[in-house]
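Here is a short note for a colleague opening this entry for the first time. Please keep the sequence and the 3D view side by side while reading.

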Amino acid sequence: MQNVVPFQELQPGKRANEWKKYYLAALVIGLLLLFPFMNTSSYLINLLTEVFIFGIFAMSLDLILGFTGMASLGHAAFFGLGAYAAGIVAVRYSPDLFITLPAAVLVAALAALLVGLLALRTSGVYFLMLTLAFSQMFYAATFKWTWLTGGSDGLSGIPRPVLPFGGDSLINFFDSTNFYLLTLAVFLASYFLLWRIIHSPFGQVLIGIRENEKRMLAIGYETRKFKLASFVIAGAFGGVAGALNAFYIGYASPQDLFWAMSGQVLVMVIMGGAGTLIGPVLGAGLFLMLQNVVSSYTERWPIIMGAIFITFVLAAPKGMVGIYGKVAEKVRCRLWKH
Amino acid sequence: METLKVEGLCKNYGALKVLRQVEFTVRKGERRAIIGPNGAGKTTLFNLISGEVPVSQGKVFLHGQDITGLKPYQRSVRGLARTFQKNNLFLGLNVFQNVRLAVQAHQSVSHRFIAKYHRFQGINQKTEEILAHLGLTEKRDVPASDLSYGEQRQLELAVAVATNPQVLLLDEPTAGMSPAETFRTVELIASLPKDMTILIIEHDMDVVAAIADRMTVLHYGEVLADGLPHEVKANPRVMEVYLGLEEGEAHHAGA
Ligand SMILES: Nc1ncnc2c1ncn2[C@@H]1O[C@H](COP(=O)(O)OP(=O)(O)OP(=O)(O)O)[C@@H](O)[C@H]1O
Ligand SMILES: [Mg+2]
């Protein structure tokens, strides 16, 4: 047909908007790069480092929850396995970043493949329960295999990573600014990769499954295969987050795999806004900030965090991203009037 | 040449026998209407053919191959598509995305997980063509959830057509449409490729007359008559149990 307008040229307005987004992203990245050099307290540098780590973790969960439409309550398993894998390799073999990080990815992805193959035979609440059960099995294993994991004491003495070239002398990651920059780099790379995945034909299939799996089957997609792939990718990124966390605190513990950790990352995703990439990151930021502030005032911070979460779910079911959308809409309406 | 054949199809829900020994053969390019009163088992028949629901007994053949044990997606890959009586869309996605997913389904690009989807111009082009063909171009950026009911019905059809099927099952495609939309839809179905085999469940006899060259009448899960439209209409049993009831039971509530 001749009268068909090529896809992109139909929406010049949209393209201009895209550019605005790129400028904004460049600005934010620039500021984050400069952040540690603006006379920043190490408290803030460490807080932001944690936000990046848990941002990766929350984004990875959102790939399955917000983009594929599967609720998992066992995502901490991959975080924890990544932490142990990187930690064990670093302690016993080499702290080389390019060995420890791939080890974490590999172990987490393989575990996700195993869990996914079995749990994806079900869906909905059964899937949720199975992911929970599997993660609790891994949790129990970290207690049992003391020779490998250090048991209930956890695995301590995990060193910060080193680069294969130059060693400690080139970039010393024991320095909190350097470690901040490392997590920022891994975070940005993860964000970029996940963004590309979501905007690929594969990612569109995941979104289709989230919207209506039955119709996807009817039009010819073997949805289980795609759900498994999504689950494995999410597990791999969860492993990356776990490894970074182990490097950061120098420690991997069974708590990293505990269901409470799975719940916590779920809260981050939901508070920030599931089904977007930036939402989970903002959610992780808000969660960690609140936790820091509230826990400095009272021991009962979990109760207060719980109350805040409930308020969020009731008042802003689409999370922080949803609130932003609503406010932006109102502002635009106002501007229009005058 | 036979394209679709069902043999001794039975479906029971507990003690309820919804389909009993349904048999027919559909030639390539045939346009067959499946008619029958509410609850006759028409949708169930489609569910068995498309694999949404397992058969209790009997077989389904597509291009001479037994597909009874195959999953819906495997049947789709073999050239079968269907629409649903109750709209079954990607409500959170816009019209373009709905159709694009269906176009993409059979293009073996779905494993590409880093390349940007809008670089696949062939798929976008095909999607635009289908939107133009089905009169949905103006609505391309509208979320499916914001369409009127009639437009959703059209999109339901577009998604099925976009998989480029050889056999298309249409479950009451015009139900709930305005007369103008019904007219457009009939034209559209008529404009589909001549070698596409179409089965259509329809209560509106004008639509049936405009499209169908064969008819199958289902009644309480049994094939009451099967043949050319004028033969079926002249069949005394059909006149008795189906057409005789047209004012009452057989008239579709949603139509
Ligand atoms: N999942 C199910 N469980 C139990 N009974 C069912 C189920 N699906 C359909 N039925 C019953 O099977 C019978 C046939 O249903 P079906 O939807 O196939 O009818 P139909 O001919 O499509 O009717 P309509 O014209 O109203 O769409 C009905 O009595 C219905 O209640
Ligand atoms: Mg029906």
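1. Please read each distance and angle below as a value computed from a predicted model.

2. **The magnesium ion.** Start with ligand 2, the magnesium ion. Two side-chain atoms coordinate the ion: OG1 of B:Thr43 and OE1 of B:Gln85. The distances run from 1.9 to 2.1 Å. Water is not among the atoms, so the site may look incomplete.

3. How open is each to solvent? B:Thr43 counts as partly exposed because its relative accessibility is 24%, and the limits for that class are 20% and 50%. B:Gln85, at 30%, is partly exposed too.

4. **The shell around ligand 1.** How many residues surround ligand 1? The shell has 14. The closest are B:Gly39, B:Lys42, B:Thr43, B:Thr44 and B:Gln85.

5. In chain B, strand E2 (16-27) and helix H1 each supply at least two shell residues. H1 of chain B gives the most, with 3 residues.

6. **Polar distances to ligand 1.** A polar atom in the side chain of B:Thr44 lies 2.5 Å from an oxygen atom of ligand 1. For B:Asn38, an N or O atom of the side chain is 3.0 Å from a ligand oxygen. For B:His203, the corresponding distance is 3.1 Å. The protein covers 61% of the 640 Å² of accessible area that ligand 1 has on its own.

7. **B:His203.** This residue sits in the loop between strand E8 (197-201) and helix H7 (205-211) of chain B. Is B:His203 buried or exposed? B:His203 counts as buried because its relative accessibility is 10%, and the cut-off is under 20%. Its side chain also makes a polar contact of 3.1 Å with the side chain of B:Glu172.

8. B:Gln104 lies in helix H3 of chain B. B:Gln104 is buried, at a relative accessible area of 2%. What does B:Gln104 touch, leaving aside neighbours within four places in sequence? In chain A the contacts are A:Pro201, A:Phe202, A:Gln204, A:Val205 and A:Tyr221. In chain B they are B:Val109, B:Ser110 and B:Ile123.

9. **Two positive phi angles.** A:Asn39 lies in the loop between helices H1 (12-34) and H2 (42-67) of chain A. At 79% relative accessibility, A:Asn39 is exposed. Another is B:Ser108, with a positive phi of about 45 degrees. B:Ser108 is in the loop between H3 and helix H4 (121-133) of chain B. B:Ser108 is exposed as well, because its relative accessibility is 61% and the cut-off is over 50%.

Terms used: Residues numbered from 1 in each chain as written. Chains lettered and ligands numbered in written order. Predicted model: local features only at pLDDT ≥ 70, side-chain atom pairs only at ≥ 80, totals over all residues. Heavy atoms only, no water. Donors = N, O, S within 2.8 Å, 3.2 Å for Na, K, Ca; no water. Buried < 20%, exposed > 50% of the residue type's maximum accessible area, 1.4 Å probe, protein only. Helix = DSSP H or I, 4+ residues; strand = E, 2+ residues; numbered from the N terminus. Contact = heavy atoms within 4.5 Å. Near = heavy atom within 4 Å. Polar contact = N/O pair within 3.5 Å; in protein donor to acceptor, adjacent residues only side chain to side chain. Areas by Shrake-Rupley, 256 points an atom, 1.4 Å probe, with all protein chains shown as cover.
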